[in-house]
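This report goes through one protein chain, from its overall figures to individual residues. Please keep the sequence and the coordinates at hand while reading.

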Amino acid sequence: MTPRTAAVLLNCSSRSNRAASHRARLAELLQGSGLAADILCAERGQHMGELARRAARGPYDLLVAGGGDGTMNTVAAAIVGTEKTMGVLPLGTVNHFAKYLGVPLTLEGAVRTLVEGRRVQIDVGEVNGRVFVNNSTLGIYPTIVRDREALRKRSGMNKWLAFGLATLGGIRRQEPIRLRLVLDEQEIHLNTPFVFIANNDFKLGDLDLARQGPLGSGELGVCVAHAESRLSMIKLLASAVAGRLQKASDFSILRTRELLVEAPHRRLHVAADGEVLKLSPPLRYRTRPSALRVIVPPSSDISAGLARREDPPDQRAALGG
């Protein structure tokens with residue numbers, strides 16, 4: 001079998017510097033695995049997009065994203081809809097995408113998956129042309145993410161402590177936003193502090209918002225909070241932490257192939273895989289079935305509907321034609 005050409009893209013700008021610290025060990029593991037790969041490093045977070053697009057235009061068949069979920073999003077966006085394959089090295093804090101695919105969280109296990117795994121084609125979500133692999137959110141969550149990053153930049157604060165303080169500040173300041181949702185010929189008018197759109201499952205970080213069955217092929221999950229007061233928001237958050245959110249009376253869970261979101265604002269802050277964007281309404285969400293080819297472990301059990309076409313069990317992902 002002829003080795004494929006691979007590039008490993010590392011976000012070396014992380015404050016924890018995990019990617020940079022693992023770089024030497026990663027080179028050893030790749031050499032030992034027999035996978036010929038170039039290691040490409042983005043020294044600043046904003047450079048990762050250009051690095052990924054440049055690698056996608058190059059001779060590489062396999063692009064491996066090394067970092068957190070933001071890095072996964074960036075690399076996926078560069079190759080979605082192409083014949084190139086994406087590999088995953090989970091070097092972030094939450095690693096939602098890696099957990100969903102079943103990729104081991106150890107560097108050794110993740111590299112082994114690149115060689116021994118199988119390729120599957122999964123759905124991605126899209127909002128106004130911007131790809132997301134996990135989820136997108138409106139309302140209080142993008143505000144929390146922005147405030148968290150501002151705290152970390154200003155004080156070098158631990159990510160989780162900054163997240164907690166940003167959450168308290170967000171609850172104190174955030175007002176519900178007025179939205180009109182159109183999905184599957186339904187029209188919903190509401191004031192809401194939070195809307196969550198899922199591509200793969202109903203998890204936001206480690207919070208399981210719905211504990212529902214897997215999304216079907218070409219489906220998006222839509223979770224809407226109806227709580228308008230701050231007290232209701234606090235109760236809703238407590239329900240989420242306790243794993244009882246799906247039982248809350250002021251929380252709805254829907255499924256759709258497309259979603260239109262209208263709002264009386266020139267711009268909305270929208271989080272996509274944890275990265276905050278400024279987008280102009282209306283927001284048009286859709287699913288792109290089987291648009292992204294990824295490597296998963298042989299034992300991975302991806303939710304029904306996202307694994308559309310698979311290699312035969314004996315076909316290797318990173319080696320072979």
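## Burial and the case of R118

A residue is called buried when its relative accessible area is under 20%, and exposed when that value is over 50%, with partly exposed in between. The model discussed here is predicted. R118 has a relative accessible area of 11%, so R118 counts as buried.

R118 is part of strand β5, which covers residues 118–127.

## Overall figures and confidence

The chain has 321 residues, and 53% of them are buried. It contains 8 helices and 18 strands. Among contacts with a separation of 6 or more, 72% are between residues 24 or more positions apart. The accessible surface of the chain is about 14,600 Å², and carbon and sulfur atoms contribute 48% of that surface.

The average pLDDT of the chain is 80, and 74% of the residues score at least 70. Over residues 303–321 pLDDT stays under 50, although the model has 63 contacts beyond four places in sequence for this stretch. Where pLDDT is low, the predicted coordinates should not be read in detail.

## Helix α2 and its buried face

Helix α2 spans residues 48–57, and its buried residues are M48, G49, L51, A52, A55 and A56. Viewed down the axis of α2, these buried residues fall within an arc of 165°, so they line one face of the helix. An α-helix has 3.6 residues a turn, so residues three or four places apart point the same way.

Which elements do the buried residues of α2 pack against? They pack against strands β1 (6–11), β2 (37–42) and β3 (62–67), and also against helix α3 (69–79).

## I79 in helix α3

I79 belongs to helix α3. Its relative accessible area is 1%, and I79 is therefore buried. Leaving aside residues up to four places away in sequence, I79 touches A56, L63, K84, T85, M86 and L292. One of these, A56, is also among the buried residues of α2.

I79 and R293 are 214 residues apart along the chain, while their C-alpha atoms are separated by 8.8 Å.

Side chains alternate along strand β8 (residues 177–183). I177, L179, L181 and L183 point to one face and are buried.

β8 pairs with strand β9 (residues 186–192) in the antiparallel sense, over 7 bridges. Within this pairing L183 stands opposite Q186 in β9. The two strands form a hairpin with 2 residues between them, and D184 in the turn has a positive phi of about 45°. β8 is also joined to strand β15 (residues 258–262) by 3 bridges, and these two strands run antiparallel. The bridge partner of R180 in β15 is E262.

## Loop residues

Two asparagines have a positive phi without being glycine. For N95 the angle is about 55°, and for N128 it is about 50°. N95 is in the loop between β4 (85–90) and α4 (96–101), whereas N128 is in the loop between β5 and β6 (130–132). Is each of them buried or partly exposed? N95 counts as buried because its relative accessibility is 8%, while N128, at 31%, counts as partly exposed.

The loop between β17 (275–279) and β18 (283–296) contains P282. The peptide bond from P281 to P282 is cis, with omega near 5°.

C12 lies in the loop between β1 and α1 (18–33). C12 has 9% relative accessibility and so counts as buried. C12 and E43 are 31 residues apart in sequence, and 5.1 Å apart in space from C-alpha to C-alpha.

Terms used
Residues numbered from 1 in each chain as written. Heavy atoms only, no water. Helix = DSSP H or I, 4+ residues; strand = E, 2+ residues; numbered from the N terminus. Buried < 20%, exposed > 50% of the residue type's maximum accessible area, 1.4 Å probe, protein only. Arc of directions from axis to C-beta. Contact = heavy atoms within 4.5 Å. pLDDT = per-residue confidence, 0-100. Pairing = 2+ DSSP bridges. Areas by Shrake-Rupley, 256 points an atom, 1.4 Å probe, with all protein chains shown as cover.
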